[in-house]
Amino acid sequence: MLSDKTIAKIDAFNKERDWDKYHNGKDLAVSLALEASELLEIYQWSGTDLDCDQSLEKIKEELADVLIYAVQIAQKYHLDLDDIVLEKMKRNAIKYPSPSKEY
């Protein structure tokens, strides 16, 4: 996951610009979806180039935007990213059991 230092930098960046007043749950979720769409757009019409290696810089840029908005949503609702990811992985393990492991 992202380090506390990186998360603090995201928070400081927003506070310096007084952007927190715009960061309600709905607008953050919409922004995350829009940035995810921009990431997806890189792959649109890529044909047989399934990895789009030539677009790695653009992939990094859009993925960073997605992660930033995800962090901001977590902060908005006081969610611990590690906790929510690990909890989801537990639910996924039950929903999609490994054929090589018994739970």
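In the predicted model, Gly25, Leu28, Ala29, Ser31, Leu32, Glu35, Ala36, Glu38, Leu39, Ile42 and Tyr43 of helix H2 meet Lys58, Ile59, Glu62, Leu63, Asp65, Val66, Tyr69, Ala70, Gln72, Ile73 and Lys76 of helix H3, where contact means heavy atoms within 4.5 Å. By class, the residues of this contact comprise 13 nonpolar, three polar and six charged. Ala, Val, Leu, Ile, Met, Phe, Trp, Tyr, Cys and Pro count as nonpolar, Asp, Glu, Lys and Arg as charged, and the others, Gly among them, as polar. Helices (H or I, at least four residues) are DSSP runs, numbered from the N terminus. Residues are numbered from 1 along each chain as its sequence is written. Because the model is predicted, local features need pLDDT of at least 70 and side-chain atom pairs count only at pLDDT 80 or more, whereas totals for chains, interfaces and linings use all residues; side-chain values use heavy atoms, with hydrogens and water left out.

Two packed helices are described by the angle between their axes and the distance between the axes. For H2 (residues 25-43) and H3 (residues 56-76), the axes come within 9 Å and cross at roughly 160 degrees. Axes are lines fitted to C-alpha atoms, for helices over the stretch in contact, and angles run from 0 to 180 degrees between N-to-C directions. H2 and H3 are therefore roughly antiparallel to each other (angles over 145 degrees count as roughly antiparallel, and those of 65 to 115 as roughly perpendicular). The crossing of H2 and H3 is left-handed, a term used if the near helix is turned anticlockwise from the far one by less than a right angle.

Glutamate 62, in helix H3, counts as buried at 2% relative accessibility. Buried means under 20% relative accessible area, exposed over 50%, and partly exposed in between (1.4 Å probe, protein chains only). Apart from neighbours within four places in sequence, glutamate 62 is in contact with Glu35, Glu38, Leu39 and Ile42.

A further contact joins H1 and H3. The axes of these two helices come within 10 Å and cross at roughly 85 degrees, and H1 and H3 are therefore roughly perpendicular to each other. Here Ile7, Ile10, Asp11 and Asn14 of H1 meet Ile68, Val71, Gln72 and Gln75 of H3. The contact of H1 with H3 has four nonpolar, three polar and one charged residues.

Glutamine 72, also in helix H3, is buried, with a relative accessible area of 6%. Residues up to four places away in sequence being left out, glutamine 72 touches Ile10, Asn14, His23 and Leu28.

Aspartate 11, in helix H1, counts as partly exposed at 24% relative accessibility. From aspartate 11 to aspartate 53 the C-alpha to C-alpha separation is 31 Å in space and 42 residues in sequence. Lysine 5 also lies in H1 and is exposed, with a relative accessible area of 59%.

The largest nonpolar core consists of five residues, namely Ile7, Ile10, Val71, Ala74 and Leu81. Such a core is a set of buried Ala, Val, Leu, Ile, Met, Phe, Trp, Tyr and Cys residues joined through side-chain atoms within 4.5 Å. Helix H1 (4-16) and H3 each supply at least two residues of this core. Leucine 81 touches Met1, Ile7, Val71 and Ala74, when residues up to four places away in sequence are not counted.

Notes:
Parallel < 35°, antiparallel > 145°, perpendicular 65-115°, else oblique.
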